[in-house]
Amino acid sequence: MKFFIDTANIEEIKEASSMGMADGVTTNPSLIAREEGNFQDILKEICKIVDGPISAEVISLDTEGMLKEARQLAGIHENIVVKVPMTIDGIKATRRLSEEGIKTNVTLIFSPLQALMAAKAGATYVSPFVGRLDDISHDGLLLVEQILEIYNNYAYDTEIIVASVRNPLHVLDAALMGADIATIPFEVLSKFASHPLTDKGIKAFLDDWNRAQK
Ligand code: G3P
């Protein structure tokens with residue numbers, strides 16, 4: 001499973017990268033807005049840290065505006081993946097960008113048919129938002145399961161980025177299903193490594209060792 005880090009915070013990206021846990025990065029307008037500095041400068045800094053797909057989202061809602069922004073974003077670095085929203089205009093832009101060889105990540109996916117349209121349009125990635133579905137008492141992981149089944153049925157190359165991850169179990173369930181990628185907030189990733197029995201075991205080893213040294 002590839003781990004993308006869902007943040008525009010440079011320090012978090014550096015920390016995840018130092019653990020070998022940053023196969024890519026996803027940003028969105030809200031994540032960028034939390035950080036100081038110019039959008040393009042932030043993206044350039046991220047591209048220096050992580051040698052993997054870096055998702056940057058367009059703001060325009062019309063196809064031509066999306067295409068103009070997308071070409072500018074793609075020109076920043078070869079690893080930039082252009083995020084477009086799951087709308088008719090976004091699908092048209094995805095189709096055109098696919099023909100131009102610009103990688104796309106169709107985002108704000110909340111239904112399997114949205115994901116099917118994105119794959120048919122040539123999307124490189126789709127981002128189903130599991131947490132936001134769970135937030136309204138819908139089953140976010142069921143959406144991932146349905147997309148996986150559809151993509152496997154027709155051998156689509158589009159990769160699934162499980163997004164809007166709220167807790168470690170979202171990543172566990174996605175991995176058990178065989179989803180390609182999870183994009184994980186750093187705060188959630190930080191919870192993966194720790195376990196109380198690991199801590200207890202380390203303490204017991206050291207206590208026994210130190211006792212034997214006396
Ligand atoms: O960045 C895309 C997605 O992961 C954001 O999810 O629901 O935490 O804003 P959310």
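## Exercises on ring pairs and a pocket

**Exercise 1.** Classify Phe3 as buried or exposed in this predicted model.

Solution. The relative accessibility of Phe3 is 15%. Buried means under 20%. Phe3 therefore counts as buried.

**Exercise 2.** State how many aromatic pairs the whole structure holds, then find the geometry of the pair Phe3 and Phe192.

Solution. Step 1: a search of the whole structure gives five aromatic pairs. Step 2: the ring centres of Phe3 and Phe192 lie 5.8 Å apart, with the planes at 80°. Step 3: planes over 60 degrees apart count as edge-to-face, so this pair is edge-to-face. Step 4: Phe3 sits in strand S1 (residues 2-6), and Phe192 in the loop between helix H10 (186-189) and helix H11 (196-213); the two are 189 residues apart, and the pair links distant parts of the chain. Step 5: Phe192, at a relative accessible area of 30%, is partly exposed.

**Exercise 3.** Classify the pair Tyr154 and Tyr156.

Solution. Step 1: the centres are 6.2 Å apart and the planes stand at 45°. Step 3: Tyr154 is exposed at 56% relative accessible area, while Tyr156 is partly exposed at 25%. Step 4: ring pairs join Tyr154 and Tyr156 with Tyr151 in a cluster.

**Exercise 4.** Describe the largest pocket and its lining.

Solution. Step 2: it is lined by 20 residues, with Asp6, Asn28, Leu31, Arg34 and Pro185 closest to its centre. Step 3: helix H2 (29-33) and H10 are the elements giving two or more residues to this lining. Step 4: the lining of the largest pocket has six nonpolar, seven polar and seven charged residues.

Methods: Residues are numbered from 1 along each chain as its sequence is written. This is a predicted model: local features need pLDDT of at least 70, side-chain atom pairs count only at pLDDT 80 or more; totals for chains, interfaces and linings use all residues. Side-chain values use heavy atoms; hydrogens and water are left out. Rings of Phe, Tyr and Trp (its six-membered ring) pair if their centres lie within 6.5 Å; planes under 30 degrees apart count as stacked, over 60 as edge-to-face and the rest as tilted. Helices (H or I, at least four residues) and strands (E, at least two) are DSSP runs, numbered from the N terminus. Buried means under 20% relative accessible area, exposed over 50%, partly exposed in between (1.4 Å probe, protein chains only). On a 1 Å grid over the protein atoms alone, a cavity is a set of points where a 1.4 Å probe fits but cannot get out, and a pocket is an open set with protein on both sides within 12 Å along at least five of seven lines; lining residues have an atom within 4 Å of a point. Grid points are joined across faces, edges and corners, and a volume is the space filled by probe spheres set on the points. Ala, Val, Leu, Ile, Met, Phe, Trp, Tyr, Cys and Pro count as nonpolar, Asp, Glu, Lys and Arg as charged, and the others, Gly among them, as polar.
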